[in-house]
Amino acid sequence: MSISTLPSAPELTTLPKVPRWRTLLGSLAMAREPIRNLDRALSHHGDTVGLHLGGVRPCIVTRDPALAQHILQKNHRRYLKSDLTHGLIRYLGRGLLTNEGADWLRQRRLIQPGFHKQRLTALTRLMQAAAEEWSADLRARLQAAPQSTLTVDIHAEMTRVAFHIIAQATFGTSMADAERNRLSDILTRIQAFYVRTIRQPYLRPWFMARGAYKKHEALSQELRELVRGYIRRRQSTVSESPAPDDLLQMLLDARYEDTGEGMSEAQLLDEANILLLAGHETSANALSWLFYLLAQHPQAAQRVRQERVAAGLAQRPPEFAELPQLTYAQQVVQETMRLYPPAWILDRVALEDDEFRGLPIPKGTLFSIYIYGIHRHPGLWPDPDAFRPERFASGQEPPIPAYAYLPFGGGPRLCVGNHFALTEIQLVLLEALHHFDFQPTAPDAPGTDPLVTLRPKGPLWLRVTNASATRVA
Ligand code: HEM
């Protein structure tokens, strides 16, 4: 049952608002702990509330799936991403994630076919190789550790694996570790700085005085030079056969329908940057929360192992086409992204006047679609804070309402890398559980640090031991 069809779905003729003086006073708390503060505002005022971002900018925050669907899908032509996303163009260029309008559509049509099953099948091997490299390294560290037990920051580990995967999937296997680390470091720094400029706009003059904008523009320039190097090297080896089956080659080979031409180098650079950004932190965070949750729920980890054995995959990793057989593993991943959606909030702005359930929406209205709040909405999810992968089993009653689950967004701007991401997460999950057991190191749930994506606050420590042979087989 969709929330919009619930008898209690209210007309929204007036919008509850948090008084401006209160958002201004609470702006520091909101910057520090946006989730706790948004949850408080929504549980007090209702599923859709007006407030001032950073105490200064009027915005409507919603955890109403029907309104999310209205904006992202049903009426998407009336909405654009806001300057909160477009501001990234300054550092990362105009790629699929940051582009708009006809230009975006042209790029989307060009790039989307590049994520087809055949390429994912080839990329699966590459992803598996990166996962195995990480697990071999962790096994070596475990072997050297006292009592074969290690405490690791799983977020740092997964950031490394996810970047390894996206860098290899984009540029092929030739990238040296040091370069990969540098790319990852640049992207992390740019993002962290960018989020501060949005969250605490009143600090902008201070950033300006300290030369922080220039410093981050220099980092962005360095990123472009590194990526340009990869593009040019690939172009110079183009006659070598067979051509690599990676995302860069996909971008290079793509031809516009109307002209038959390929992308300019500047456009290639922007798209490659955006793939690195969009395909890096999101997956790293999903994986980190996944292992954190499995450490809390060892019976779920055990069930994933048993399912793999039952599928006849005890001794080898699955191929891309075999992954759908592992339905419980998929449910574990889905439930993780319900509780900890890496893209925890989406921004949109109304291009023209609109209306939703009696609520007038004037042109220029800024929306924050609060995915984290939708995913834990008590009216949509029984026992919303509990980890229950079975919610996603097929045939569950009642079915999940439309737009109550949207880790990859929705409508025409649905994540283009969603199958890529689900494949990589499932592969890393299976590889890790094949070799390791994870246990929590602290009784309390870790804090969250919602930047562009939903990270754990600080290191996410887990205890790792070798998976016992009796459990694996
Ligand atoms: C768990 C991992 C991931 C999550 C949760 C995720 C989530 C999302 C979401 C919610 C959007 C829509 C943003 C909006 O509507 O404002 C999006 C867009 C996008 N994602 Fe992902 N993503 C993930 C992984 C990836 C990967 C691995 C790639 C690339 C290989 C990727 C590439 C993109 C791109 C290019 C867009 C922009 C699409 C467009 O607007 O046409 N994502 N992602």
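How many bridges join strand β2 to strand β8, and in which sense do the two strands run? Three bridges join β2 (residues 57-62) to β8 (residues 366-370), and the strands run parallel. Strands here are DSSP runs of E of at least two residues, helices are runs of H or I of at least four, and both are numbered from the N terminus. Two strands pair if DSSP finds at least two bridges between them.

This is a predicted model, in which local features need pLDDT of at least 70, side-chain atom pairs count only at pLDDT 80 or more, and totals for chains, interfaces and linings use all residues. Residues are numbered from 1 along each chain as its sequence is written, and side-chain values use heavy atoms, with hydrogens and water left out.

**The five-stranded sheet**

β2 and β8 belong to an open, mixed sheet with the order β1-β2-β8-β5-β3. Its edge strands, β1 (48-53) and β3 (79-80), each pair on one side only. Helix α4 (residues 65-74) packs on this sheet and touches β1, β2, β3, β5 and β8. The direction of α4 makes about 120 degrees with that of β8. Contact means heavy atoms within 4.5 Å. Axes are lines fitted to C-alpha atoms, for helices over the stretch in contact, and angles run from 0 to 180 degrees between N-to-C directions.

Ala-350 is found in β5 (residues 345-350). Ala-350 touches Arg-78, Tyr-79, Ile-361, Pro-362, Lys-363, Gly-364 and Thr-365, leaving aside residues up to four places away in sequence. Pro-362 is 12 residues from Ala-350 in sequence, and their C-alpha atoms are 7.2 Å apart.

**The three-stranded sheet**

A second open sheet has the order β4-β12-β9, with antiparallel pairing. β4 (149-153) and β9 (436-440) each have a single partner strand, so one side of each is left without a neighbour in the sheet. Neighbouring strands here are turned by 35 degrees against each other on average, direction ignored. β9 pairs with β12 (residues 461-466) over five bridges. Helix α9 (residues 154-171) lies across β4, β9 and β12, at about 70 degrees to β4.

| Residue | Opposite residue | Strand of the opposite residue |
|---|---|---|
| Asp-437 | Thr-465 | β12 |

**Buried positions and helices**

Buried means under 20% relative accessible area, exposed over 50%, and partly exposed in between (1.4 Å probe, protein chains only). Ala-350 has a relative accessible area of 4%, so it counts as buried. Ser-288 has 0%, so it is buried too.

Ser-288 lies in helix α15 (residues 281-296). A polar atom of the Ser-288 side chain is 2.7 Å from the backbone oxygen of Ala-284. Ser-288 also touches Ile-154, His-155, Met-158 and Leu-460, again leaving aside residues up to four places away in sequence.

Helix α16 (residues 298-310) has 13 residues, and at 1.5 Å a residue it should span 18 Å. The expected span is 1.5 Å times one less than the number of residues. The end C-alpha atoms of α16 are 18 Å apart, which agrees. Its buried residues are Ala-300, Ala-301, Gln-302, Val-304, Arg-305, Glu-307 and Arg-308. Gly-312 follows α16 and has a positive phi, near 75 degrees.

**The iron site**

The only protein donor of the ligand's iron atom is Cys-415 (SG), at 2.3 Å. Donors are N, O and S atoms within 2.8 Å of the metal (3.2 Å for Na, K and Ca); water is not among the atoms, so sites may look incomplete. Cys-415 is found in the loop between α18 (371-375) and α19 (418-435).

Key: Polar contact = N/O pair within 3.5 Å; in protein donor to acceptor, adjacent residues only side chain to side chain.
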